[in-house]
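Here are my notes on the model, as numbered points. Please read them with the structure open.

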Amino acid sequence: MLFSSIPFLFYFLPIVFILYFAVPKKLKNLVLLVTSLVFYGWGEPVYLFLMLAAITLGYVLGLLIEKHRGTPLAKLYLTLSVAVSVGMLGYFKYADFFISNFNAVTGLSVGLLNIALPIGISFYTFQILSYTIDVYRGDVAAQRNPITLGAYIAMFPQLIAGPIVRYRDVEVQLRERTHSIEKAAYGARRFIIGLSKKLLIANVLGELCDAYGRSDDLSVLFSWLYAIAFALQVYFDFSGYSDMAIGLGSIFGLKFMENFNYPYISASITEFWRRWHISLGSWFRDYVYIPLGGNRVPKICWLRNIFVVWMLTGFWHGAAWNFVIWGLYFAVMLLIEKLWLLEHLKKSKILSHIYVLFFVIVSFVIFNASSMSDAFLCIRNMLGFGGIPFASAEGIYYLRSYAVVLVAGIVGATPLAVRATEKLRQSRGGAVFLTIAEPVVLAALLLVGTAYLVDGSFNPFLYFRF
């Protein structure tokens, strides 16, 4: 079940709200757990057993790690938690990747397993790992109520597309949280904005990307249109889902961390990754990079740490070489900045922004390519190599057709609208105007988004591969 679907918006969500707010406080986590399991099992009920097994294992091992903390047994149980969690992720997500590469290297023909990827497994696996690791470190106490831990792991608002929520960040909220009209209103507003980003910008730009994939046009213009459109699509799709998750969390009295902070305004790749998918970056920093020694090690070990983290970051996104190369691409870019370029970027904000946008857009061409040869072909076309034309009738047609949504996406990827709204709010009469206008605009966005869904328009889900 997707957030951007009629069943979720008009059947599942109202029922969840009624149940959640009708039951007493002590039963709210149970409602969250049961409804989350229904949400998860809606499309693939067989994987409910996998989810329940993961919850049970996390619960039992958390208790055992705490019981034996400071002894070799605690390390053994932590190792078991990591091995089983990573093993399950590896089996379902990467088994066929490794088999196909083994066949390519050896010339053998080992049969592929053709395993369906359970939705959200990358996200809830990382949440379980962060929980057991934090219990081992003594940062949190093991959760003794299996329903509470299950609600944390399976919680549907952030199950399928993040943000990756750490147990220590919501431990107190799971036990004791408040609900208010203000939180619910903020949550509804944030959810509608996220839904609109997904439906009205990401999905429309996805149509442009899909048209490019079907086209034989190799012009520079159309290649750049595609590259820019996909960079915006993946941002509005992912940040839209994060907004919806944060909004739903607020309605349920939970505060989730921000996952995006206008990454396309960054003046360096280093800054870009402080603003893009913040929960994933901080997870790898705290549970991989720092345990490996971070930058407090000899330079050769530091270089190793950088490449390990970014290879894993790329591989986390999908079981294909283009994702690994995408991660290593950023490892190289970040090393260049840290060792030399970062100081020079401070001299010109305009050039630094152009530099970031160029290399990030190129990175997403690699990210979305079905093969590296396709990625190199698109990049070659963007650079005008091979004598290809700058523009074509088809490229000009799509530029005209999607100009409005491209401009909306570019402006929406900056804080300009938020800043303008804040200035208006501070002006004389501005607050009154916004008080009236905001609910009208939000209602209109919800209505238009619903019409888009009823029409059965293009509605891809980019995160099945995760």
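1. By class, 19 nonpolar, eight polar and eight charged residues make up the lining of the largest pocket. Here Ala, Val, Leu, Ile, Met, Phe, Trp, Tyr, Cys and Pro count as nonpolar, Asp, Glu, Lys and Arg as charged, and the others, Gly among them, as polar. The pocket holds about 1,200 Å³ of space. Of its 35 lining residues, Ile193, Lys197, Tyr262, Ala417 and Val418 are the closest to the centre. On a 1 Å grid over the protein atoms alone, a pocket is an open set of points where a 1.4 Å probe fits, with protein on both sides within 12 Å along at least five of seven lines; lining residues have an atom within 4 Å of a point. The volume is the space filled by probe spheres set on the points, which are joined across faces, edges and corners.

2. This is a predicted model: local features need pLDDT of at least 70, side-chain atom pairs count only at pLDDT 80 or more, and totals for chains, interfaces and linings use all residues. Residues are numbered from 1 along each chain as its sequence is written, and side-chain values use heavy atoms, with hydrogens and water left out.

3. Which helix gives the most to the lining of the largest pocket? It is α8, with eight residues. At least two lining residues each come from α8 (181-214), α9 (220-251), α16 (393-412), α17 (416-426) and α18 (430-454). Helices are DSSP runs (H or I, at least four residues), numbered from the N terminus.

4. Helix α11 (residues 278-289) has nine of its 12 residues buried, so the rest of the structure largely encloses it. Buried means under 20% relative accessible area (1.4 Å probe, protein chains only). The buried set includes Ser279, Ser282, Trp283 and Asp286. These buried residues of α11 pack against α5 (121-137), α7 (167-175) and α12 (299-317).

5. Check Arg166, in the loop between α6 (146-154) and α7. Arg166 counts as buried, at 5% relative accessibility. Its side chain joins that of Asp286 in a polar contact of 2.7 Å. The Arg166 side chain also reaches the backbone oxygen of Ser282, at 2.9 Å. A polar contact is a pair of N or O atoms within 3.5 Å; within protein, one must be able to donate a hydrogen and the other to accept it, and residues adjacent in sequence count only if both atoms are side-chain atoms.

6. Ser279 lies in α11 and is buried, at 1% relative accessible area. Its side chain makes a polar contact with the Asn259 side chain (2.8 Å). Beyond four places in sequence, Ser279 touches Pro163, Ile164, Met257 and Asn259. Contact means heavy atoms within 4.5 Å.

7. Trp276 sits in the loop between α10 (269-275) and α11. Trp276 is buried too, with a relative accessible area of 2%. Leaving aside neighbours within four places in sequence, its contacts include Asn259, Tyr264 and Phe364.

8. The largest nonpolar core has 139 residues. α9 supplies the largest share of this core, 17 residues. Phe8, Tyr124, Phe156, Tyr264 and Phe364 have the most contacts inside it. Phe8 touches residues including Met1, Phe39, Phe156, Phe191 and Leu248, not counting those up to four places away in sequence. A nonpolar core is a set of buried Ala, Val, Leu, Ile, Met, Phe, Trp, Tyr and Cys residues joined through side-chain atoms within 4.5 Å.

Terms used: Buried means under 20% relative accessible area, exposed over 50%, partly exposed in between (1.4 Å probe, protein chains only).
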